[in-house]
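Work through the exercises below with the structure in view, and try each task before reading its solution.

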Amino acid sequence: MQSKRVLISIPSKSHVEIALDELTGLEELGYICKPFAYTAKDGYNSVIKRLLVIYQNAYQLAKLAKSFNPDIIYFNSRLEKLAGIRDFLTICIVKALYRKKVLFVIKSHGSDLSVVQNNSSVFKNTILAFLKRNVSAWLFLSSEERSKLIELDFFDRQKMFVVKNIVRHFQFKRDENFRVGLGIPPNHKILLFTGRLIAEKGIIEVVEAFTIMNNKYPLTLIVVGDGEAVSRLKEIIAQNDLINHVILTGFIPEHAVIPYYANSDILVFPTYFPEGFPMALFNSIGAGLAVITTKIRAAKDYLKEPDNCLWVNPQDTKSVTQAIERLLASEALISRMREENKALSLMFSKEQIAIELSGIFEQLTRHK
C-alpha cells in the first residue's frame, strides 16, 4: 500500500510541540510528512500586514504542495473569526494555485461557538459556508464541542471527530534544587497556575482563594504566564502582603514550564475560557499533580472526581477555596490523584494519538 502523504501546519507559538509530535508519530506509522508554517498574527499589528503574511504562507504552501503531492493538508487552527478568516483565505489560495485533489483537515484547538450561532453574520454565511464545503474533516478536542455543533447543524456529523492532544508524560522529573532556586521553604505545598493571564482562565479566583488559604497552611503559589490581568493580580498580592508567597514568572516558553509542572503539588485551574484541551491541565495530569478545575470541554471527557480532580464552579472564589482546603487537609487524596493522573496520562501518548489520527486519515482517503 502506498504511504499517505501529509502536510502538517506548525504554529509559531502555542502547540508547537504537539504538532511536531503528531508529525513524528505519523512518520513512525509509515506516513510521509512535511511541516509548513502557519501563522498570521504574531508580531504584526496591522490588518494589511497580517493579510500579507497569510498570502505569503498560502503561496508557499501551494508551492510546497506542487512538489510534495500531499493526500492531506492538516491545519492546526481554532474555530473563531480570525482563525476562520486565515483558514478561508489559505484554502482559497491553495485551491487556486494547486489544482490536484487534496483533502483539507482542520484541528480546532478551542472554539468560539458564537460564530456559529449568529445566523445573519457574513462570517457564518460566507467564510464558514466555504469551509464547510471544502473541509473533509474537522477535529475537535472535546465531545462537548462536537455535540453542540451537531445541535447547531454546523457540519456533517460524520466528518466531525473528537481527538486528543499529545502529552509528553515522560518529561516531568522532580528536581531537589527546584525549591531552593526559587526560595520556597521545604514545608510549603506548591500551588500552580499556568496559562494566559486573563479573567476567563480563572486566575483572579485562584489568587483570591490563595489569600484566604495562605493564612491557614504553609503555601507558595506560582503563576506562570502573562496577560491583561497581571496588573490586577499585583494589586491583590500587594494589598494582602503576599509578595513572599506568590511567584509571578511572566511568560516563559513551553519547554521551560516543564520544571514547574514536575515540582508543584496542586494545579488550580478554574477556567471558563472556550478552550478544547487545555495543555496546562493535561500537562499537570502527566506530571502527576493533584488538580482543581472546572467541569468543561476535555476535562469533562477524561477526568473523574475524586480520582483525578476536584470540580469547582466557574467565577466562584468560595468553591475554589473549599477545594484547595479539601486537598490540603488530605495528603492521602493528593497521593491518590498523583498516581491516578500519571496512569491516565498514558492514553495521551504520541503513539496512541498517532494511531487515532491515522484511523481518521485512512477513513478519509478511502473515499477520496
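**Exercise 1: the cavity**

Task: find how many cavities of 30 Å³ or more the structure holds, and which residues line the largest cavity.

Solution: The structure holds one cavity of 30 Å³ or more, where a cavity is a set of points on a 1 Å grid over the protein atoms alone at which a 1.4 Å probe fits but cannot get out. The model is predicted, with local features needing pLDDT of at least 70 and side-chain atom pairs counting only at pLDDT 80 or more, while totals for chains, interfaces and linings use all residues. Residues are numbered from 1 along each chain as its sequence is written, and side-chain values use heavy atoms, leaving out hydrogens and water. The largest cavity contains about 40 Å³ of space, a volume being the space filled by probe spheres set on the points. Its lining (residues with an atom within 4 Å of a point) includes Phe269, Thr271, Glu275 and Leu281, and by class it has five nonpolar, three polar and one charged residues.

Conventions. 1 Å grid on protein atoms, 1.4 Å probe; cavity = no way out; pocket = protein on both sides within 12 Å on 5 of 7 lines; lining within 4 Å. Nonpolar A, V, L, I, M, F, W, Y, C, P; charged D, E, K, R; others polar.
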